[in-house]
Amino acid sequence: MWAGAKARWITYALGCELIAVVATGAALVTGFGGPVRPVWFAVLVALGVAQAEMSRRIERLRRWMSGQTHINVTSVWYLAGVVLLPPAWVALLAVVLYTHLWVRVWRQVRTRPAHRFVASTAWAMLSCFAASSVLAVSGLHGTPLQTARGLFALCLAAAVFELVNIGLVAAGIYLYTSQRSAADLIGTWEDNAFELATLCLGGLAALALAEQPVLVLFVVAPLLLLHRYLLLKQQLQVAAVTDEKTGLLNTAGWHDSAVREHTRAQRRAGTPGGGFAVLMIDLDHFKRINDTYGHLTGDDVLAAVAVAISGSVRQGDTVGRFGGEEFVVLLPGVGRADVLGIAERVRVAVGELNVVISTGSGTVRVSGLSVSIGVARHPDTGPTLDDVLRAADAALYRAKEAGRNRVAV
């Protein structure tokens with residue numbers, strides 16, 4: 001199923017990229033949309049690059065915390081370009097600004113692979129090209145923005161840009177991840193409110209450049225503040241679902257992910273790879289570690305075990321801490337044969353741990369760790385998420401009763 005979805009996404013992405021390149025090239029050759037004003041293009045490139053450089057650290061943190069984000073503040077300069085530049089040149093503006101972001105931000109945090117960057121660039125190009133083309137065809141390009149007709153042109157450009165961009169991105173996310181919820185595909189209401197705010201700033205930037213260029217500097221400060229607020233919002237969201245001691249998801253965060261996966265599994269019922277599994281993991285004899293070395297050392301051991309578990313599961317699996325010395329893993333789209341292999345890999349990785357901890361009185365070395373693991377799979381153990389969790393918990397207790405350091409189903 002994943003191979004088919006991947007092939008469809010590649011076909012879609014290549015199609016968008018081809019259309020973007022052909023449309024831009026044809027518009028450059030034919031002069032569609034009127035002559036370019038090189039000064040506007042240079043000014044928008046300079047403003048976009050300068051703003052990205054000033055907020056580079058913020059954007060890196062945002063992308064590191066969440067690789068998939070629906071808000072891109074660069075759209076401020078795209079909308080200004082849609083109003084001030086012909087279609088081909090605003091598409092080239094998108095290429096320049098996206099390439100700069102890739103070189104200076106996204107490539108370094110490695111949250112956006114090169115193929116996704118190229119596809120995102122094509123979607124930005126097509127959104128800009130479509131909005132500028134609508135203005136060109138309707139005769140609204142060049143309309144004084146301080147007039148009622150100019151205000152209509154600005155609103156029309158923003159609406160076309162946003163609708164085309166939402167449609168292209170939503171289709172890409174769906175084909176890449178098979179997610180169907182509105183929040184996954186087009187972002188939350190709050191995400192879209194922020195995007196509207198950036199478009200408003202884009203309209204103000206276009207008006208300032210057309211009427212009093214020096215005033216565009218007054219757009220940069222609120223844009224930087226908006227960007228910083230977005231980072232703060234993400235940090236608060238991450239903190240609310242993160243376990244402080246291990247860095248894994250806490251109970252609420254993991255359960256939210258599990259609920260979403262259960263919903264997806266119900267839609268995929270009957271298809272190959274449509275089920276999911278849960279591993280319930282308990283660190284054996286953890287109380288001895290706390291009693292022997294103290295709770296601070298125990299916390300370090302828990303953090304090391306969390307790293308071992310995370311490194312033993314697949315990239316798309318979700319690891320959480322259920323409190324105390326208990327961990328839980330969500331395994332989407334996993335077959336019955338693969339579940340036991342992953343669980344055994346976790347058990348072996350924890351058993352091989354040799355945790356060295358520096359304390360005020362010297363160095364503490366903790367080894368000989370083991371875990372007991374209970375395995376349950378949906379829909380084999382029941383139709384609901386609670387059924388799967390109860391079954392995994394029951395299997396965990398069977399593993400402990402059978403002598404610990406083993407996997408039970």
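## Salt bridges

A salt bridge is counted here where a side-chain nitrogen of Lys or Arg lies within 4 Å of a carboxyl oxygen of Asp or Glu. By this criterion, a search of the whole structure finds twelve salt bridges. The structure is a predicted model, in which local features need pLDDT of at least 70 and side-chain atom pairs count only at pLDDT 80 or more, while totals for chains, interfaces and linings use all residues. Residues are numbered from 1 along each chain as its sequence is written, and side-chain values use heavy atoms, with hydrogens and water left out.

One of the salt bridges is formed by the side chains of Glu 53 and Arg 104, at 2.8 Å from N to O. Glu 53 belongs to helix α2 and Arg 104 to helix α5, so this pair ties together parts that are 51 residues apart in sequence. Helices (H or I, at least four residues) and strands (E, at least two) are DSSP runs, numbered from the N terminus. Residues are classed as buried under 20% relative accessible area, exposed over 50%, and partly exposed in between (1.4 Å probe, protein chains only). Glu 53 is partly exposed, with a relative accessible area of 27%, and Arg 104 is likewise partly exposed, at 28%.

## A charged network

Asp 284 and Arg 404 also meet through their side chains in a salt bridge, with an N to O distance of 4.0 Å. Asp 284 lies in the loop between β1 (276–283) and α12 (286–293), and Arg 404 in the loop between α15 (385–401) and β7, so the pair ties together parts that are 120 residues apart in sequence. Asp 284 counts as buried, at 4% relative accessibility, whereas Arg 404 is partly exposed, at 26%.

A further salt bridge joins the side chains of Asp 317 and Arg 314 (2.7 Å, N to O). Asp 317 is buried, with a relative accessible area of 11%; Arg 314 is partly exposed, at 30%. Through shared partners, salt bridges join Asp 282, Asp 284, Lys 400 and Arg 404 into one network.

## Overall composition

The chain contains 15 helices and seven strands. Of its 409 residues, 48% are buried. Its accessible surface comes to about 19,200 Å², of which 63% belongs to carbon and sulfur atoms; areas come from the Shrake-Rupley method with a 1.4 Å probe, and for residues only the protein chains shown count as cover.

Contact means heavy atoms within 4.5 Å. Among contacts in the chain with a separation of 6 or more, 74% are between residues 24 or more positions apart.

## Nonpolar cores

A nonpolar core is a set of buried Ala, Val, Leu, Ile, Met, Phe, Trp, Tyr and Cys residues joined through side-chain atoms within 4.5 Å. The largest such core has 63 residues, of which Trp 77, Tyr 78 and Leu 93 touch the most other members. Helices that each supply at least two residues of this core include α1 (2–30), α4 (75–84), α5 (87–109) and α7 (148–177). The largest share, eleven residues, comes from α6. Another core, of 35 residues, lies apart from it and includes Ala 277, Leu 302, Ile 342 and Leu 369.

Leaving aside its neighbours within four places in sequence, Tyr 78 is in contact with Val 90, Ala 94, Leu 97, Tyr 98, Ala 124, Cys 128 and Phe 161. The C-alpha atom of Leu 97 is separated by 9.4 Å from that of Ala 46, 51 residues away along the chain. Ala 46 is placed in helix α2 and is partly exposed, with a relative accessible area of 45%.

## The sheet

Five strands form an open sheet in the order β2-β3-β1-β6-β7, with mixed pairing. Its edge strands are β2 (318–323) and β7 (407–408), each of which pairs on one side only. Two strands are taken to pair if DSSP finds at least two bridges between them.

β2 and β3 (residues 326–332) run antiparallel and are joined by five bridges. Arg 321 has Phe 327 as its bridge partner in β3.

## A nonpolar surface patch

Val 214, Leu 215, Leu 217 and Phe 218 make a nonpolar surface patch of about 430 Å². Patches are made of residues with over 30% relative accessible area and no salt bridge, with like charges joined within 9 Å and nonpolar side chains (Val, Leu, Ile, Met, Phe, Trp, Tyr) within 5 Å. Phe 218 lies in helix α10 (residues 217–240) and is exposed, with a relative accessible area of 63%.
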